[in-house]
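Dear colleague,

Please find below the structure that I am handing over to you, followed by an account of what was found in it.

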Amino acid sequence: MKKILLAGAALGFAMSSASADIVIATAGPMTGQYASFGEQMKTGAEQAVADINAAGGVNGEMLKLEIGDDACDPKQAVAVANQFAGSGVAFVAGHFCSGSSIPASAVYSDEGIIQISPASTNPTFTDERPGGADGGTYRVCGRDDQQGETAAAYLLKNFAGKKIAFVHDKTAYGKGLADATKGSFEAGGGTAAMYEAYTAGEKDYSALVSKMKQEGIDVLYVGGYHTEAGLMARQMKEQGMSTVLVSGDALVTDEYWAITGDAGEGTLMTFSPDPTKSPDAAEVVKALKDAGKTTEGYVMYTYAAIQAYAQAVTAAGSTDYDAVREALNAGDFDTVLGSLSFDEKGDVSLPGYVFYRWSDGKYAEIE
């Protein structure tokens, strides 16, 4: 297969200095407006590699980590995937954005590279994975249809009779999440008061906010990322609105509050049960905190993806694509997220989603 080989510098492509025998990688938005998530993935990957190597590596070989920056851009994600193939990468813990993971998965399948995403939630990622049941595409996070069901049930129970608007940023993640939530909400008897698309990356959403104010919207469900959601929350408060903002897992970053300030108070979001509270993650959480590094969001999910791969390689006795894929399909893996396995699509067996609330600059699971 013809590979697109681009200069590493142009991709924001970096290699760790540690020598190693098994080349693995993580890829996500290391730059751009979603770079906080890329930093989470990089932190988790570096810690996992350091811990696994300190324990003797995998089948007597050390891991070497490469970092790819896709900036959550589909074309750049494909370029990164081809760069990984040219570098002899055997496994990728990535990508973050579904719009990047989905096209990159085709490259990884063609090149015999195992992919486990820590964060891509769009159902298409596994529902239509290259190779079908014989594919090497997996994820350790949940799916938008699961997240949508949880969000819809909460909306129906806690905001009965309220005017609820659904908006999305047109991306695979944002639109998929908004549509899944709206679909479950309507299936449960709810009626959407508004359904709109917005353009990611803009700084002024006052026209959308004014329309919601005019329509008397009580709750805004945002299918999108923290940057735009944060601006909407702030601009709603500036217009004197008390509308509650509800969104998904892309708000699990401290940057959300940095954008909103007090306007973020009471924001609700869905995310998996807090992995940092798991006994299985205690040692890793302590090590990261002692080093002054973040443990939020997708740090533990990236760490767990690498753990699962390393254990599958151990079980397979090699890094051979088919052997590792078969081990992933058949095995149970002990990770910082708890014991997990994968189904015939490559989806994970872990519990689904719960609700969190932002308050006073922090988010916490609603008991």
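**Strands, sheet and pockets**

Ala165 stands opposite Leu220 in β9. This is a predicted model, in which local features need pLDDT of at least 70 and side-chain atom pairs count only at pLDDT 80 or more, while totals for chains, interfaces and linings use all residues. Residues are numbered from 1 along each chain as its sequence is written, and side-chain values use heavy atoms, with hydrogens and water left out.

Some terms need explaining at the outset. Helices (H or I, at least four residues) and strands (E, at least two) are DSSP runs, numbered from the N terminus. Two strands pair if DSSP finds at least two bridges between them.

β7 and β9 pair in the parallel sense over five bridges. On β7 there is also a parallel pairing with β8, over four bridges, and there Val167 stands opposite Glu196 in β8.

How well is β7 covered by the rest of the structure? Five of its five residues are buried, so β7 is largely enclosed; buried means under 20% relative accessible area, exposed over 50%, and partly exposed in between (1.4 Å probe, protein chains only). Ile164, Phe166 and His168 lie on one side of β7 and Ala165 and Val167 on the other, and all are buried.

These strands belong to an open sheet of seven, in the order β8-β7-β9-β10-β11-β14-β15, with mixed pairing. β8 (194-197) and β15 stand at the edges with a single partner strand each, so one side of each has no neighbour in the sheet. From one strand to the next, the twist averages 25°. For such angles, axes are lines fitted to C-alpha atoms (for helices over the stretch in contact), and values run from 0 to 180 degrees between N-to-C directions.

Helix α6 (residues 172-187) packs on the sheet and touches β7 (164-168), β8 and β9 (219-223); contact means heavy atoms within 4.5 Å. The direction of α6 makes about 155° with that of β7. Elsewhere in the sheet, strand β10 (residues 244-247) and strand β11 (residues 268-271) run parallel and are joined by two bridges, and Ser247 stands opposite Met269 in β11.

**Strands β2 and β3**

Strand β2 (residues 22-28) is mostly covered, with seven of its seven residues buried. Ile22, Ile24, Thr26 and Gly28 point one way from β2, Val23, Ala25 and Ala27 point the other way, and all are buried. Seven bridges join β2 to strand β3 (residues 63-69), and the two run parallel. The bridge partner of Ala27 in β3 is Gly68.

**Pockets and a cavity**

Grid points are joined across faces, edges and corners, and a volume is the space filled by probe spheres set on the points.

The largest pocket has a volume of about 380 Å³. It is lined by 18 residues, of which Asp274, Thr276, Thr295, Glu296 and Tyr363 are the closest to its centre. Strand β15 (residues 362-365) gives the most to this lining, with four residues. The lining divides into five nonpolar, five polar and eight charged residues; Ala, Val, Leu, Ile, Met, Phe, Trp, Tyr, Cys and Pro count as nonpolar, Asp, Glu, Lys and Arg as charged, and the others, Gly among them, as polar.

The second largest pocket has a volume of about 230 Å³. Of the 21 residues lining it, Ser272, Pro273, Tyr301, Leu350 and Pro351 are the closest to its centre. This lining has eleven nonpolar, five polar and five charged residues.

A search of the whole structure finds one cavity of 30 Å³ or more, and the largest cavity has a volume of about 40 Å³. Among the residues lining the largest cavity are Phe96, Tyr173 and Asp249.

**Two single residues**

Leaving out residues up to four places away in sequence, Arg325 touches Ile114, Ala133, Asp134, Gly135, Gly136 and Tyr138.

Gln214 lies in helix α7 (residues 206-215) and is exposed, with a relative accessible area of 71%.

Yours sincerely

Note on methods. On a 1 Å grid over the protein atoms alone, a cavity is a set of points where a 1.4 Å probe fits but cannot get out, and a pocket is an open set with protein on both sides within 12 Å along at least five of seven lines; lining residues have an atom within 4 Å of a point.
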